[in-house]
Amino acid sequence: MTGLSLVRKICVMLAAAFFVSQALLSGAGAQTPPAVIIVVDMQRVQDQSAAAKSVQTQIRGFETKLQEQAKAAEEKLKTDELALKQQKTLLSPELFDEKRRAFEAQVGGEQQKLQDRQRDMQAAVRKAQGTLLQTLEPILKQLLTEKGGNIMVDRRTILTASDNLDVTSTVIERLDKKLPALKVEIVKQK
């Protein structure tokens, strides 16, 4: 799973949870008001907002760097493996086994390093996505109030809706003003 698909899944899940909670809270009164629905295309917000674009660009950079590191490690391990194979006939069986075990430990260490880096990147993406959603939440609430709505739904969850119900462009505009960029900081996890 790439960092971008992870970001999208997290965004969709958090947005859906927000919308459901808003719907439940608005219907908690004794008398249920008529539904006034506002539509936002969260995929478009994710694709077109400046902060989301900056996150996606950084993620692609991190993924490229991770792939380069993996390729370099793989090439070094292949070279080391070849050198070890060439030494097999020159070394005693005990010494060869010792070097083979050391090489296997080196392979395991490189695999662990790459897994750790990927985990660190995913944690950084989740943190950045959380910041994005924290910034987005008051914007969505404010638009819901301004438009007199009591339910906001993601465009992907409905079959059809009038264009005048869609506030996506306004959401993107306000999000870009409030959060024009977002730095994804990779911190080594424990």
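**Reading the labels in a predicted model**

S162 lies in the loop between β2 (151-154) and α5.

Q: What makes S162 partly exposed?
A: Its relative accessible area is 41%. Partly exposed covers the range between under 20% for buried and over 50% for exposed, so S162, at 41%, belongs there.

Q: Why is the pairing of S162 with N164 called a polar contact?
A: The two side chains come to 2.4 Å. The limit for a pair of N or O atoms is 3.5 Å, and 2.4 Å lies within 3.5 Å, so the pair qualifies.

Q: How far apart are S162 and I38 in sequence and in space?
A: They are 124 residues apart along the chain and 9.9 Å apart from C-alpha to C-alpha.

Q: What is the overall layout of the protein?
A: Five helices and two strands make up its secondary structure, following the pattern α-β-α-α-α-β-α along the sequence. Of the 190 residues, 34% count as buried. Among contacts with a separation of 6 or more, 85% are between residues 24 or more positions apart.

Q: How do you know that the span of helix α3 is close to what is expected?
A: Helix α3 (residues 50-87) has 38 residues and reaches 56 Å from its first C-alpha to its last. Several residues of α3 are buried, including A51, I59, L66 and L84.

Q: Which parts of the chain supply the largest nonpolar core?
A: This core has 27 residues, and V40, L136, M152 and V171 have the most contacts inside it. At least two residues each come from β1 (37-40), α2 (42-48), α3, α4 (93-146) and α5 (168-178). The largest share, eleven residues, comes from α4.

Q: Why is the pair K78 and E74 called a salt bridge?
A: Their side chains meet at 3.5 Å, N to O. The cut-off is 4 Å, and 3.5 Å is within 4 Å, so the name applies. K78 and E74 are four residues apart in helix α3, so about one helical turn separates them.

Q: What makes K78 exposed but E74 partly exposed?
A: K78 has 52% relative accessibility, and exposed means over 50%, so K78 passes that mark.

Q: Where do R119 and D120 stand, buried or exposed or in between?
A: R119 is partly exposed at 32% relative accessibility. D120 has 5%, and under 20% means buried, so D120 is buried. Their side chains meet in a salt bridge at 3.7 Å, N to O.

Q: Which residues are joined by salt bridges that share partners?
A: D97, R100 and E104 form one such network. By the same rule the count of salt bridges comes to 13.

Key:
Residues are numbered from 1 along each chain as its sequence is written. This is a predicted model: local features need pLDDT of at least 70, side-chain atom pairs count only at pLDDT 80 or more; totals for chains, interfaces and linings use all residues. Side-chain values use heavy atoms; hydrogens and water are left out. The expected span of a helix is 1.5 Å times one less than its number of residues. Buried means under 20% relative accessible area, exposed over 50%, partly exposed in between (1.4 Å probe, protein chains only). A nonpolar core is a set of buried Ala, Val, Leu, Ile, Met, Phe, Trp, Tyr and Cys residues joined through side-chain atoms within 4.5 Å. Contact means heavy atoms within 4.5 Å. A polar contact is a pair of N or O atoms within 3.5 Å; within protein, one must be able to donate a hydrogen and the other to accept it, and residues adjacent in sequence count only if both atoms are side-chain atoms.
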